Amino acid sequence: MERALKYGWESDTHVVILAKELSAARDPSDDDGPLQIIQEPEAMLSMKEMEIEILAMLDHHHTLPRPFFREKTDLKKKVESLIYWRDVKKSGIVFGAGLITLLAISCCSVISVFAYLSLAILSGTIAFRIYKSVMQAIQKTSDGHPFKEYLDYDLTLSQDKVQHIAGVAVAHVNGFVAEMRRLFLVEDLVDSIKFGVILCVMTYIGAWFNGMTLVIMAFVSLFTLPKVYENNKQSIDTYLDLARSKVADVTEK
């Protein structure tokens, strides 16, 4: 308590002074009062204590890396692994289940698809749970709950993650609203005309396909086009470069 009252250990000031002492960056002309002339051994923190105090201050000021971006990178790698068919079994399961679900939604209502899909999953998990319980009783084993790994998995969203996602969503919504206002109110005549042409093209696309068909086509393309491009990258790039040069020649004329 005496040390705290004399040298101000109750604030972060002592950490800054210790860091300056450690790095020999203290200015002799600084008039820090008694904080600058700490000489008594009992008043000095050990080197390890000093490091711990400095790290604690850095953590307090939120300078440690945020885990959300690491999770975002991991999610991106998992998605790339799926669409590039790194693991054929996993990609096949995701692609098959997703395609069947989309086809079912295109034929039936979303409520019916959700109910039937949930019933199928629930029936499978109940049957598997009963099977494992019977096998444990017969073999006299205590393996525990068959889904314990998934029950213990943390699905909670941290406050930082929710705030970041909400901030990104709000930024995108605001940008979209501002862009629509700019186009519809003809802030730039050329951009508004281009937007009108795109809307005309969309009317023809809407006459040929409904929204669900476009979603299914996009889903199939997501799982096929990246792999096709990866396997034929050289030849596709050659044709793309040729097409770009032709378009450039036409536009220049």
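Here is a quick tour of some helix packing and a handful of side-chain contacts in this structure. Keep in mind that the model is predicted.

**Where H10 meets H11**

- On the H10 side the contact uses Val228, Tyr229, Glu230 and Asn231, while H11 brings Lys233, Ile236 and Asp237.
- Sorted by class, the contact of H10 with H11 has three nonpolar, one polar and three charged residues.

**Where H8 meets H9**

- From H8, the residues involved are Met180, Arg182, Leu183 and Phe184, and they meet Asp191, Ser192 and Phe195 in H9.
- The contact of H8 with H9 splits into four nonpolar, one polar and two charged residues.

**Asp191, on the H9 side**

- Asp191 belongs to helix H9, which runs over residues 189-208.
- With a relative accessible area of 27%, Asp191 is partly exposed.
- Once its neighbours within four places in sequence are set aside, Asp191 is in contact with Arg182 and Leu183.
- The side chains of Asp191 and Arg182 are joined by a polar contact of 3.0 Å.

**Ser91, in H5**

- Ser91 sits in helix H5 (residues 88-107).
- A relative accessible area of 1% makes Ser91 buried, because the cut-off for that label is under 20%.
- The Ser91 side chain reaches the backbone oxygen of Leu82 at 2.7 Å.
- Not counting residues up to four places away in sequence, Ser91 touches Ser81, Leu82, Trp85, Arg86 and Phe223.

**Gln136, in H6**

- Look for Gln136 in helix H6, residues 110-139.
- Gln136 is buried too, at a relative accessible area of 15%.
- A polar atom of the Gln136 side chain lies 3.0 Å from the backbone oxygen of Gly144.
- Leaving out neighbours within four places in sequence, the contacts of Gln136 are Thr141, Asp143 and Gly144.

**Thr213, in H10**

- Thr213 is part of helix H10.
- At 29% relative accessibility, Thr213 counts as partly exposed.
- The side chains of Thr213 and Asn210 make a polar contact at 2.6 Å.
- Thr213 and Ser106 are 107 residues apart along the chain, yet 7.7 Å separates their C-alpha atoms.

- An unreviewed UniProt entry lists residues 93-117 and 195-225 under "transmembrane region".
- In the model, residues 93-117 are 92% helix and 0% strand, with the end C-alpha atoms 15 Å apart.
- Residues 195-225 come out at 94% helix and 0% strand, and there the end C-alpha atoms are 27 Å apart.

Note on methods: Residues numbered from 1 in each chain as written. Predicted model: local features only at pLDDT ≥ 70, side-chain atom pairs only at ≥ 80, totals over all residues. Heavy atoms only, no water. Helix = DSSP H or I, 4+ residues; strand = E, 2+ residues; numbered from the N terminus. Buried < 20%, exposed > 50% of the residue type's maximum accessible area, 1.4 Å probe, protein only. Polar contact = N/O pair within 3.5 Å; in protein donor to acceptor, adjacent residues only side chain to side chain. Contact = heavy atoms within 4.5 Å. Nonpolar A, V, L, I, M, F, W, Y, C, P; charged D, E, K, R; others polar. UniProt positions renumbered as here; feature names shortened; annotations may be inferred.
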